[in-house]
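Biologist: I would like to go through some assignments in this model. For each one, please set the value against its cut-off.

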Amino acid sequence: MKKKIISLAAVMSMIITLVMPAAVYADEPQEESTAVLKYSVLTSDSEEWKEVTDGETAGTAADDAADITKLKLNVSDSKSQEDQKTVSYAVADTEGTWSDYIAAGQEAANTSGKAVAAVKAKVADELAEKYDIYYRAYVKAEENAPGKWLGWAKNDQVSGVKGYDCGIKAIQFQLVEKDTENTLDTANPFLEKKNEIPEEPTVPTEPETTPKVVYQAHVAKIGWQKEVEDGALAGTEGRALTIEALKIKLDGLSEEEQKDSKIVYKTHVQTYGWQNEVANGALSGTTGKAKRVEAVAIHLEGAIADKYDVYYRTHVQSFGWLDWAKNGEKAGSSTYGKRLEAIQIKLVKKGESAPGTITKAYQSPRIQYQTHVQSYGWQSKVSDNQIAGTTGKGKRVEAIKITLPDSDYTGNVEYQAFVQGIGWQTWKKNGELAGTSGQSKRIEALRVKLTGEIANYYEVYYSVHLAKIGWCNYESAGNATGTIDLSKKIEALKICLVKKGVESAPDTCGVKYVEGYKSGNFYYNGTIKGAGATGNVAQGGTVGTIGKKQQLQSLTLHLDQSNKLAPSGTIQYSTHISSEGWKDWSNAGTTNGASNASKGMEAVKIRLTGDLAKYYDIYYRAHVQGYGWLGWAKNGQIAGTSKIGYRMEGLQIRLVSKDVSAPGKNANYYTEKKKAAAVKVTPKDQMHLKALSYASNTHYLILVDTSANKVGIYSGSVGKWNQIQKYTCTSGARSTPTVKGTFTVQGKGKSFGSGYTCWYYTQFYGNYLFHSVIYKQGSMSVITDGRLGINASHGCVRLNINHAKWIYDHIPRGTKVVVY
């Protein structure tokens with residue numbers, strides 16, 4: 001069979017022919033996308049929408065035609081047919097009452113239900129950069145004259161009538177490309193009928209002039225624009241360009257008004273803030289520095305101020321058009337770093353309505369604050385009840401700064417922090433740092449207040465987020481919120497200002513500030529079988545006995561709650577009595593225990609109630625016959641034994657903030673099993689007997705007897721320690737004694753010394769170490785001081801080098817060391 005061979009060029013030609021669109025190889029040009037304007041109306045005699053396009057007539061241009069009652073506009077793309085939503089429009093009735101501007105595709109109608117007598121429309125965004133929107137109305141205004149088309153209005157101008165007993169009968173809209181010539185007649189797009197009142201003949205006077213405001217904007221990348229007047233837009237819209245400077249002046253003043261009338265203004269400029277006031281056409285702002293104008297304030301002075309108000313509104317980045325301000329009020333924004341992109345200014349006669357809403361002309365935070373947070377450092381500034389700090393991450397607030405960024409009143413914001421290890425610092429104000437930075441210290445409580453003139457008009461409210469608690473309700477006026485003496489960190493906060501007598505304050509009910517209990521507020525006592533009352537024992541101390549085989553009979557807990565700022569609630573406890581079982585719960589101050597002298601305690605449960613349980617845990621452990629000290633129980637768990645007849649001989653209790661470490665492991669605190677075998681301790685081995693009462697964080701325990709110069713090493717657990725090593729040592733001389741107390745193993749190292757060497761050191765407190773006797777520097781064979789069994793060291797515990805190495809090799813960090 002013969003194969004047909006196709007060349008590579010032919011294959012590529014086929015592929016291109018298959019995959020390339022027709023436009024690539026067709027000679028005909030591609031159609032450019034254009035905007036198509038569509039509009040429709042309802043009339044008083046029809047419920048059917050009649051849609052037309054660019055330049056066509058909607059409604060009927062005849063004297064006897066029905067008036068238009070509703071209107072809809074939209075703009076679509078000629079290729080994709082998608083709506084562009086870039087046109088908005090409004091309508092008015094015969095009395096001149098305007099509806100709000102509405103978005104493309106929505107129905108515009110008068111709320112009064114009357115016919116549409118006037119209309120205005122505008123385009124935005126990219127459409128506004130390319131097109132102007134023109135529109136004109138057909139009206140029959142005069143009874144004895146035929147109807148007519150009015151002139152064309154454009155870009156937010158008014159087309160139609162006011163004061164006539166008629167509406168618009170027909171309307172046309174057109175999109176016209178900017179910078180192109182057109183023949184549209186723009187004369188007289190609007191007719192207004194004035195109520196004429198006959199007047200007595202007067203002596204002829206000079207014609208009355210009408211004052212107007214003329215203004216000009218310097219825009220980034222454009223420079224100075226042409227002057228505009230009375231409500232026209234200066235600047236740009238939808239192009240993200242900032243106004244950098246303004247010039248404003250008055251025109252059309254009478255001779256009398258010209259004598260002292262002036263328009264005064266100032267601008268808020270990036271980096272510089274509010275500039276000084278200027279007047280009558282002077283430049284406010286900057287040029288050539290690329291600094292944005294962010295806000296403006298304008299007012300009239302002299303004769304003109306008696307007759308007119310000056311209104312102005314701004315178009316601001318992210319916010320869009322804000323409401324109208326007047327007569328020196330601020331318009332725009334500050335502190336947010338937003339550019340002012342466009343402005344409109346109008347003179348309005350005294351007593352006449354504002355040109356639009358006047359609710360919110362100026363955007364600026366009332367109060368601003370910033371926190372320094374653990375691990376993160378300084379966060380960004382936030383304002384007006386926003387959250388500063390973090391929640392759900394367990395990070396402490398370490399410092400705070402608070403400011404009043406743009407207040408209309410004099411005065412200060414002052415604040416004070418309660419800091420870990422420091423307490424209440426002095427008051428700070430207006431952006432000064434409260435707290436600490438670089439010291440890893442938590443802020444635990446906070447006070448904030450206003451002083452000076454601003455305090456007459458505003459109150460400050462603040463709320464904090466506490467670790468393991470969450471958000472507190474708001475506090476105000478310099479009162480403390482947070483906690484002290486609980487080691488509890490503030491993790492976040494919110495602050496706001498509220499106008500006095502005008503605005504509603506946030507919720508301030510409930511607990512917002514708590515002071516912890518002092519160590520002396522909690523104590524306890526008991527009775528011992530055959531010995532009587534124990535006397536009061538401070539928390540953490542032992543009520544009962546150790547090593548005397550005496551049984552506790554009863555228990556009474558006491559909590560001094562005279563400080564009303566401490567958490568409310570109480571401590572409840574129940575004892576398990578031999579042959580009697582569990583007693584009912586008792587409250588603090590009430591005795592709970594055996595009903596007669598022949599019985600005694602075997603176990604105990606202790607719990608907290610109310611807010612006390614919200615802020616604290618209660619820990620307790622029992623010293624039990626045969627076992628010694630058991631582990632720590634907490635919050636209602638059973639500590640001790642039952643069903644085996646073992647006596648409880650001693651008890652320790654601690655009230656611990658939830659933000660503080662537990663006194664020991666919460667484990668092995670209760671048993672119902674008899675001890676399998678008693679630990680054999682000879683009466684002479686007092687060190688071993690002493691060891692049984694201690695708990696360690698590891699399976700090892702070390703005791704040092706500085707009088708006998710002995711080191712005992714044990715393995716096991718509390719009450720079950722077995723001696724595995726016992727060494728002779730040299731402890732501190734009388735002038736440099738070894739520190740006594742309970743410590744834990746910390747760092748380790750192979751050697752130290754200068755002019756000598758000590759081998760295999762194990763640190764248990766500061767500079768106090770276990771190590772070998774003293775050798776010649778660098779040697780492990782030449783001993784320079786090998787004395788053992790005496791008090792001769794500088795405070796460390798010296799050992800035979802092999803014994804020091806055993807401790808270095810086998811004893812883990814965290815092991816308890818008891819020196820006595």
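Biologist: What does a side-chain oxygen of Asn800 reach at the start of α8?

Modeller: The model is predicted. In it, that oxygen of Asn800 comes to within 2.8 Å of the backbone nitrogen of Asn802. The cut-off for a polar contact is 3.5 Å between N or O atoms, so the pair falls inside that distance.

Biologist: Why is the pair Arg366 and Glu503 called a salt bridge?

Modeller: The N to O distance between their side chains is 2.7 Å. The limit is 4 Å, so the pair qualifies. Arg366 lies in the loop between β29 and β30 and Glu503 in the loop between β44 and β45, so parts 137 residues apart in sequence are tied together.

Biologist: Are Arg366 and Glu503 buried or partly exposed, and what are their relative accessible areas?

Modeller: Arg366 has 27% and Glu503 has 33%.

Biologist: What makes Lys512 count as buried?

Modeller: Its relative accessibility is 14%. The side chains of Lys512 and Glu475 meet in a salt bridge of 3.6 Å, N to O.

Biologist: How do you know that Asp617 and Lys658 form a salt bridge?

Modeller: Their closest N and O atoms are 2.7 Å apart, and the cut-off is 4 Å, so the pair counts. Asp617 is buried at 9%, whereas Lys658 is partly exposed at 23%.

Notes:
Residues are numbered from 1 along each chain as its sequence is written. This is a predicted model: local features need pLDDT of at least 70, side-chain atom pairs count only at pLDDT 80 or more; totals for chains, interfaces and linings use all residues. Side-chain values use heavy atoms; hydrogens and water are left out. A polar contact is a pair of N or O atoms within 3.5 Å; within protein, one must be able to donate a hydrogen and the other to accept it, and residues adjacent in sequence count only if both atoms are side-chain atoms. Helices (H or I, at least four residues) and strands (E, at least two) are DSSP runs, numbered from the N terminus. Buried means under 20% relative accessible area, exposed over 50%, partly exposed in between (1.4 Å probe, protein chains only).
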